[in-house]
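Have a look at the model first, then read through the points below.

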Amino acid sequence: MAHEPIKVQERVSDPASMEALLKAENECIETCFTRAELQKISCKFGTGGVCCRICHMGPCRITAKAPYGVCGADADTIVARNFLREVVGGAAAHSDHGRHLVLRLKKVAEGNGNGYTLKDTKALHRAARDWGVETEGRSDREIALQLADLFFAEFTSQEKVLATLALAPKKQQTLWNTHHVAPLGIDRMIVESMHRTHMGVDHDYRHLLLQAFRTALADGWGGSRIATVVSDILFGTPSPVRSQSNLGVLGEKTVNILVHGHEPELSEMLAVAVQDPEIVRAAQAVGAEGITLAGICCTANEILMRHGIPVAGNFLQQELAVITGAVEVMIIDVQCCMPSLPQVASAYHTRIVSTSELAMTAGADHHPFDENDALESAKSIIRLAIENYANRDAKKVAIPTATQPLVAGFSVDAIKYMLGGRFRASFRPLNDAIIQGRIKGVVGIVGCNNAREKLDDYINTLTESLIRENVLVLKTGCAAIASAKQGRLTPETALQQAGAGLREVCEAVGIPPILHMGSCVDNSRILEAATEIVLEGGLGDDLSQIPAVGVAPEWMSEKAVSIGCYFVASGVDVILGHPFHISGSENVTQFLNDQAREFFGASFHVCPDAHQATKKILQILDDARAKLGINKKAERKLYDMKDRRALDV
Ligand code: NFS
Ligand code: SF4
């Protein structure tokens, strides 16, 4: 399909994406970048959130001349209802991901693991302790079984608030109870929110927005937290690992398999299966040197964190990966997989293979992942790729050479260990560094890429300026991959750019200034880290008091909306690179960007560029420091031996 040429250098920033997008342009392949061009003018009713199609007297659109829908709903009601439904979408996606993992945990606990095991018994015991499960005199499987049932109850609880909330600082829990936003069962919250947004039910925008925060809390402290914990039990708690990133990780002479999507179950098995000697021999038999397994989006983050499997790219690179002409099979499951993939793949030999029973895509080959024979299932998909190698058309292959090394794998456990050593693992050195002003604060940069913005640009500019200002940066999702591709996830490179105070601390304890903490459900790890900071003491007694900020610079998905809401409801200010679709209601905008502070001690802020965001973040951190009385100018002293000894293992 011919389309207007696009300015490649205005759409992407890393050299590999630039090369691949140019190739797409030359070959007249349509991508999200060209489609974004065609969709350029957005509907102003949609942008403002004032289009209601909840009942069939509508769609109704609010204008100055028609300020009410047919039923009498005003802009506040309509915007708040639409917003709540976005949170529902995001919370549902994260939580259903979590549910599938709990189902797996239960099977393993019952002795029907079919290749899956309780890989990390330390994580199992940690979870048992956190959720109050008796371990004395019980087998790991018994513990896991009770834990799985307890987690199921978190989904279905009808009257009790989530048990998981007890992991938050006490004051946070009291606050949630006072404002009636402590969520009951995750499924109940999601259904109730759908009920409340049905025609003719909940109409008060404040009440609707508080429900949005409540549903989001069921995601962050419930579904996502559970997903992370169970993944750690089944697949191992991440610890620092080196790997490579960007499209250049694809092999010129290997069978290339990309996993894309979110659920770690299949990708974990693929990571095992590609090492099988029989599979390797099969690849060699078709003339390949071996197999390259790499990932896109969050499933990439999952296997990167645990196995060091390379990351081929983030969200906006999924089509570009296919356009290299060198991918035999791209496996997709759920979330963030573009429906355009089979169309792009049709220009090459690439096969798009969908594997989740939840998700089919027209034009993709559907090979449902057989969980009862997981390893065999993984191998059969790899064999498809091996067979397809012969169909690769050398004339169409151009793999960008750019790759960058990285270090990932910073679970809270790993950070604690690095900070304090094996025997006194603790956040103390970090808290002290914050109190002394060597580190100004902690900022989580998370979330997606968005085809309406230049790929990675805002994320990377912001990250650089924050570390320069002595801010420790925690990363997840596609934002983490952005840093990886820029070579900023190696301690060496990043340290050269960090401010003096941050650099000293990082060097002394051996952590990089930018920590890759995992996939988007692993934003729960950021909450966990923030909680550790509170519990360690000296920086206030709830999350709203510590100098911490969350940022979603290039966000696009409903999951990001939910994440933003649970951060704010947890007391962490959130900066958005572009606003929610709420501008049609001043009241809703004011509530989210301001009034939320009265409830939670935090709110949303919109900063359209990285420069503005940096200023805003530093101001928020400074304010928090002033309130804590730790805003004195940091003494510029180098670490002496005593300090070093205090930090050393
Ligand atoms: Ni998060 Fe991960 Fe990426 Fe955004 Fe999508 S992959 S779950 S939603 S696009 S960060
Ligand atoms: Fe219109 Fe009200 Fe129906 Fe919405 S619920 S479509 S505003 S009549």
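1. Let's begin at a loop: Pro59 sits between strand 1 (51-52) and strand 2 (60-61). The Gly58 to Pro59 peptide bond is cis, with omega near 0°. Strands here are DSSP runs of E with at least two residues, helices are runs of H or I with at least four, and both are numbered from the N terminus.

2. A word on the ground rules: this is a predicted model, where local features need pLDDT of at least 70, side-chain atom pairs count only at pLDDT 80 or more, and totals for chains, interfaces and linings use all residues. Residues are numbered from 1 along each chain as its sequence is written, chains are lettered from A and ligands numbered from 1 in the order in which they are written, and side-chain values use heavy atoms, leaving out hydrogens and water.

3. Now the overall picture. The protein chain has 27 helices and 16 strands. Along the principal axes, the C-alpha atoms fill a box of roughly 70 × 65 × 50 Å.

4. How much of the chain is buried? Of the 649 residues, 62% count as buried, meaning under 20% relative accessible area with a 1.4 Å probe and protein chains only; exposed is over 50%, and partly exposed lies in between.

5. The domain assignment, automatic or from a database, gives domain 1 (8-53), domain 2 (75-232), domain 3 (247-396) and domain 4 (408-628). Domain 1 and domain 3 meet through 14 residues from each, a contact being heavy atoms within 4.5 Å.

6. Helix 22 (residues 500-509) is worth a click: 7 of its 10 residues are buried, so the helix is largely enclosed by the rest of the structure. Leu502, Val505 and Cys506 are among them.

7. Two more backbone spots to check. Most residues other than glycine have a negative phi. Cys28, in the loop between helix 2 (15-26) and helix 3 (32-38), has a positive phi near 55°. Asp456, in the loop between strand 11 (441-445) and helix 19 (457-468), has a positive phi of about 70°. Cys28 is partly exposed at 39% relative accessible area, whereas Asp456 is buried at 1%.
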